[in-house]
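Subject: Structure handover

Hello,

Here is the structure for you to take over. My notes on it follow below.

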Amino acid sequence: MKHFLASLCLLGSLLHTSAQCTVPSSEFQLEGDYLIGGLFDIHHVSTPLYNDRPEAIDCSSKPFILSNYRRFQLMRFSVEEINNSTNLLPNVSLGYEIFDHCSDTENFPGIFNLISVKGLIQPWEEPHKQQRHNSNMSKVIAVVGPFTSTQALSAAPVFMMNLIPMVSYGAASSVFSRKQNFPSFLRTVHPNKDVIEVIVNIILHFNWRWVAFLNIDNDYGNDGLELFIRKIKDTEICLAYTKGLNYNTSYSQVFKQLEAQKIRIIIVFAPEWTAEALIESAIQLNITNKVWIAGDAWSLNKKLPKEKGIRNIGTVLGVSEPFVTIPGFSDFIHSFKNQAQCENEGQQRFCNQVCNCSSPSPEDILAADPSFSFPAYSAVYAIAHALHSILQCGAGKCNGNITVYPHMVLAELKKSDFTLLNQSIQFDENGDPRFGAYSIVFWNHSGDAQEIGIYKFHPSFDFFINSTKIQWYTNGKVPTALCSPECPVGHAKKPDGIHKCCFTCEICPNGTYINSTEDPYKCINCKETEWSADGSTQCNLRVVEYIPFTDTGAILIMVGAWVMVGLTLAVSVLFAFNYHTPVVKSAGGPMCFLILGCLSLCTPSVFFYFDKPSVSLCILRFLPFILFYTVCLACFAVRSFQIVYIFKIAAKFPKLHSWWMKYHGQWLVITGAFVTQALLLLINYSYGPPKPYNEISWYPDKIILGCDIRLNASSSSVTLLIFLCFLCFIFSYMGKDLPKNYNEAKAITFCLLLLILTWIIFATVHVLYHGKYIQTLNSLAVLSSLYSFLLWYFFPKCYIIIFQPYKNTQQYFQGLIQNYTKAIGQ
């Protein structure tokens with residue numbers, strides 16, 4: 001600690017430097033009961049300084065910043081106005097000690113002077129000792145400034161260790177909101193996050209997506225960039241290009257990059273001296289057709305809007321503190337400038353309390369950039385109101401017996417709640433202002449920053465832009481800023497590169513849709529119950545189709561089924577009455593009743609092809625038909641075999657004929673076929689029964705209700721049917737030349753041909769057509785299969801029984817057999 005204090009004392013020895021007086025002594029110093037420090041960068045060091053020995057910087061030799069000089073005068077005016085007031089601090093005078101803080105890192109002599117006592121920096125003392133030795137207290141109760149974030153970062157730690165309040169009017173970096181690092185730092189300017197929020201809302205308002213961010217390469221600019229990147233994370237805005245600007249930046253290279261990436265929207269987050277260099281370079285390099293968005297540090301710049309060629313660079317929008325007219329300030333400037341110069345000319349001056357600034361006229365000062373005027377004005381008043389509370393001022397006087405310490409001022413500053421020029425001044429828990437708004441300005445063709453909108457934070461949020469006041473470089477049309485043009489409706493974005501703003505467009509195919517608000521990069525599949533055409537933005541419900549019982553076609557088929565049952569019953573009765581006649585015997589005798597019964601039992605299958613399918617309905621569609629139609633085919637196969645065997649094989653194989661007759665081979669075959677098919681159906685339906693099936697692939701906008709037959713589960717049953725049909729066809733075809741009254745083989749052959757043709761036609765239609773009427777066609781094919789045997793096998797025999805009884809005699813049949821035998825013998 002001793003070495004540290006010695007170093008501070010050594011620096012204190014450098015605090016005094018001689019200089020000729022150029023302005024009255026009161027410009028930087030004013031005696032008073034309580035002293036406020038001030039740090040204003042009246043001059044600015046634009047390039048880094050390199051010294052080979054410790055040396056205090058001479059700010060007066062650096063470039064003069066008129067707008068900062070205006071703010072400097074505002075502090076002086078504020079103190080004078082408070083001293084002249086009889087309400088705020090009656091019988092108490094404020095003084096000030098102001099330093100030209102022109103460098104970010106080399107202005108510590110002025111800072112040490114503010115915290116020194118009699119040229120020395122005192123260590124901390126016990127509170128009771130401080131009260132006994134008031135002469136050892138810091139000479140200032142609070143400090144106004146500095147202006148930039150980097151300056152504040154350098155100076156703040158020195159003031160923080162003694163909890164000396166710093167009220168900055170321009171340092172906007174987010175880091176100062178961290179009270180654990182900057183416990184006595186407050187500000188009357190909004191932090192960067194608020195400025196960035198306004199800029200982002202402007203970009204979103206005009207639907208710009210492809211932007212560049214140019215920032216000064218220091219704490220202020222880098223903080224703004226970080227906040228901007230964080231703010232646009234969940235938006236459609238893409239940061240196409242970013243660049244940190246400093247004294248050796250090649251602006252031509254920057255603009256080449258901007259042109260190469262076709263960037264039209266440029267955010268410039270930098271102080272006025274950096275922005276001036278950038279914009280002047282843009283004019284010289286003939287950069288055109290851009291929209292420039294200025295941060296609050298240069299949006300009210302008075303020099304650039306008057307530059308020749310400024311209109312060629314495009315349109316300039318900006319964010320600024322609303323301009324507040326401060327009553328009496330103009331008179332103060334005119335009065336001050338009219339005073340005789342060089343009073344107390346031989347007085348020694350502290351370093352950086354010299355200003356070769358006698359040349360600006362009152363009009364020049366008042367016409368300078370008014371940005372941060374109200375923040376500087378309100379900073380002084382906030383300190384004065386804190387002092388008012390500590391000194392218990394009221395009734396025209398203050399309590400002068402109260403010892404004021406900086407930490408007491410800090411405590412009251414945090415509780416600030418007063419009205420200044422119709423503005424309620426308050427601070428939040430981070431020391432940031434809980435008041436104010438931002439104006440949105442446009443540099444019109446007259447060279448003025450015209451207000452076109454407002455962004456209010458307190459007490460309630462409000463955002464408004466009057467776009468009609470903006471004179472766009474595009475002749476009235478809002479410029480576009482897109483890496484890729486927006487996709488047409490119904491198209492999804494396919495990323496093209498690293499930026500989400502760069503993409504190609506692909507139409508969403510049918511069965512999918514795009515919801516651009518949720519995810520513009522993905523085509524979403526519709527549900528099975530929905531459909532969509534190409535390029536859809538939503539899905540539509542599919543139309544569910546099936547054949548109800550009330551359908552005309554269904555009614556006709558069901559009537560046909562009942563007629564089928566009636567006819568089989570009628571034929572059975574007719575055959576029963578003529579059971580012993582040759583026609584009935586030749587038709588199969590008792591086997592005829594089995595066939596007719598099975599045809600009747602197959603008929604109910606037809607009814608289950610209609611209405612909404614269920615598992616039970618799907619089973620009943622197929623099971624009765626397959627099971628009992630197997631018996632029918634087995635009967636006809638046996639009957640065909642018997643006819644051919646009697647006339648062509650029996651004489652050659654008498655033992656086989658004897659065995660067949662003895663053991664009733666026909667019934668064994670029929671029973672075997674029935675049992676086999678029943679077992680196959682039981683196994684198959686246990687493994688994979690028919691189930692309701694929604695046909696959704698054939699028609700995009702419909703759901704066709706049907707039954708799904710698993711081929712692997714039903715193949716064995718169908719194979720048995722086909723096998724019996726094949727045997728039946730072979731045997732019946734072999735007997736096509738038998739006697740006329742024994743032409744059952746021909747009839748069976750014809751029936752089988754009709755059966756095969758029916759199912760070939762149905763299979764062909766089923767391949768080509770998958771609509772709801774396929775169920776009607778399926779039931780019709782089943783009914784046709786039943787009618788083919790009834791009409792072409794049994795009806796001809798009924799006709800002989802009823803209308804040609806003479807052919808239904810034993811003699812007639814024997815004659816036919818004899819004639820056939822003779823024909824064979826010849």
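Start with a disulfide: cysteine 59 and cysteine 102 are bonded, with 2.0 Å between their sulfur atoms. Please keep in mind throughout that this is a predicted model. The link of cysteine 59 and cysteine 102 is left-handed, at -75 degrees about the S-S bond. It ties together distant parts of the chain, 43 residues apart. Cysteine 59 sits in the loop between strand 3 (34–40) and helix 2 (66–84). Cysteine 102 sits in the loop between strand 4 (94–100) and helix 3 (108–115). Both cysteine 59 and cysteine 102 are buried.

That pair is one of the disulfides in the structure; a search of the whole structure finds eight.

Cysteine 483 is joined to cysteine 502, S to S 2.0 Å. The torsion about this S-S bond is about 105 degrees, so the disulfide of cysteine 483 and cysteine 502 is right-handed. The two cysteines are 19 residues apart and link distant parts of the chain. Cysteine 483 lies in the loop between strand 18 (462–465) and strand 19 (491–495), and cysteine 502 in the loop between strand 19 and strand 20 (503–507). Are the two ends buried or partly exposed? Cysteine 483 is partly exposed, at a relative accessible area of 30%. Cysteine 502 is buried, at 10%.

Cysteine 526 and cysteine 539 also form a disulfide, with sulfur atoms 1.8 Å apart. Here the torsion is about -80 degrees, so the link of cysteine 526 and cysteine 539 is left-handed. This pair, too, links distant parts of the chain, 13 residues apart. Cysteine 526 is in the loop between strand 22 (519–525) and strand 23 (530–531). Cysteine 539 is in the loop between strand 23 and strand 24 (540–541). Cysteine 526 and cysteine 539 are buried.

Cysteine 725 is buried, with a relative accessible area of 12%. For cysteine 798, the closest cysteine sulfur belongs to cysteine 592, at 9.5 Å, again too far for a bond. Cysteine 798 is buried as well, with a relative accessible area of 8%.

Next, the strands. How many residues of strand 16 (residues 437–443) are buried? Seven of the seven are, so strand 16 is largely enclosed by the rest of the structure. Ala437, Ser439, Val441 and Trp443 point one way from strand 16. Tyr438, Ile440 and Phe442 point the other way.

Strand 16 runs antiparallel to strand 12 (residues 314–320), and four bridges join them. Valine 319 stands opposite isoleucine 440 there. Strand 16 also pairs with strand 17 (residues 449–456), antiparallel, over seven bridges. In that pairing, alanine 437 stands opposite lysine 456. The hairpin of strand 16 and strand 17 has five residues between the strands, and glycine 447 takes a positive phi near 85 degrees in it.

There is also an open sheet of six strands, in the order 2-4-3-5-6-7, with mixed pairing. Strand 2 (29–30) and strand 7 (185–187) stand at its edges. Each has a single partner strand, so one side of each is left without a neighbour in the sheet. Within this sheet, strand 5 (residues 140–144) and strand 6 (residues 166–168) run parallel, joined by two bridges. Valine 143 stands opposite methionine 166 in strand 6.

Two local points remain. Threonine 581 lies in the loop between helix 14 (552–577) and helix 15 (582–587). It is buried, with a relative accessible area of 16%. A polar atom of its side chain lies 2.7 Å from the backbone oxygen of asparagine 578.

The other point is on the surface. Phe674, Val675, Leu679, Leu682 and Ile683 form a nonpolar patch there, with about 460 Å² of accessible area together. Leucine 679 belongs to helix 19 (residues 665–687). At 48% relative accessibility, leucine 679 is partly exposed.

Best wishes

Key: Residues numbered from 1 in each chain as written. Predicted model: local features only at pLDDT ≥ 70, side-chain atom pairs only at ≥ 80, totals over all residues. Heavy atoms only, no water. Disulfide = S-S within 2.5 Å. Buried < 20%, exposed > 50% of the residue type's maximum accessible area, 1.4 Å probe, protein only. Polar contact = N/O pair within 3.5 Å; in protein donor to acceptor, adjacent residues only side chain to side chain. Patch = residues over 30% accessible without salt bridge, like charges linked within 9 Å, V, L, I, M, F, W, Y side chains within 5 Å. Areas by Shrake-Rupley, 256 points an atom, 1.4 Å probe, with all protein chains shown as cover. Salt bridge = Lys/Arg side-chain N within 4 Å of Asp/Glu carboxyl O. Pairing = 2+ DSSP bridges.
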